[in-house]
Amino acid sequence: MLIVALQDELGKYAIWNTVTDEFLGVNLGKYEAVGKIMDYKGFNFKDALERVDNPQSFSDIAKQIGI
């Protein structure tokens with residue numbers, strides 16, 4: 001599962017892979033994040049964009065990595 005989180009008020013995103021416990025990207029722009037999701041999960045553009053437009057809290061990633 002991927003956690004797509006908004007990092008800050010500047011609109012940067014982080015993507016955490018809960019299966020491999022690693023980041024797929026950090027400090028990503030909106031469409032960079034969409035591309036990463038499409039590459040990893042094989043989502044179409046519409047579904048990947050929906051994930052980015054509805055991000056989870058960055059605290060969800062922090063919980064996964066023990067911060």
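A nonpolar core is a set of buried Ala, Val, Leu, Ile, Met, Phe, Trp, Tyr and Cys residues joined through side-chain atoms within 4.5 Å. Keep that in mind as we walk through this model, which is a predicted one.

In soluble globular proteins, nonpolar side chains tend to be buried together. Here, the largest nonpolar core is made of 11 residues: Leu2, Val4, Tyr13, Ile15, Leu28, Ala33, Val34, Ile37, Ala48, Leu49 and Val52. Strand 1 (2-6), strand 2 (13-17), helix 1 and helix 2 are the elements that each give two or more residues to this core. Apart from it there's another core, with five residues, including Ile3, Ala14, Trp16 and Ile61.

Now look at the two helices. Two packed helices are described by the angle between their axes and the distance between the axes. For helix 1 (residues 30-41) and helix 2 (residues 45-53), the axes come within 9 Å and cross at roughly 125°. Helix 1 and helix 2 are therefore oblique to each other, and their crossing is right-handed.

So who touches whom? From helix 1, Lys30, Tyr31, Ala33, Val34, Ile37 and Met38 meet Phe45, Ala48, Leu49, Arg51, Val52 and Asp53 from helix 2. Sort the residues of this contact by kind and you get nine nonpolar, three charged and no polar ones.

Compare its place with that of Ile15: Lys46 and Ile15 are 31 residues apart in sequence, and their C-alpha atoms are 17 Å apart in space.

Conventions. Residues numbered from 1 in each chain as written. Predicted model: local features only at pLDDT ≥ 70, side-chain atom pairs only at ≥ 80, totals over all residues. Heavy atoms only, no water. Axes fitted to C-alpha atoms, helices over the stretch in contact; angles between N-to-C directions. Helix = DSSP H or I, 4+ residues; strand = E, 2+ residues; numbered from the N terminus. Parallel < 35°, antiparallel > 145°, perpendicular 65-115°, else oblique. Left-handed = near helix turned anticlockwise from the far one by under 90°. Contact = heavy atoms within 4.5 Å. Nonpolar A, V, L, I, M, F, W, Y, C, P; charged D, E, K, R; others polar. Buried < 20%, exposed > 50% of the residue type's maximum accessible area, 1.4 Å probe, protein only.
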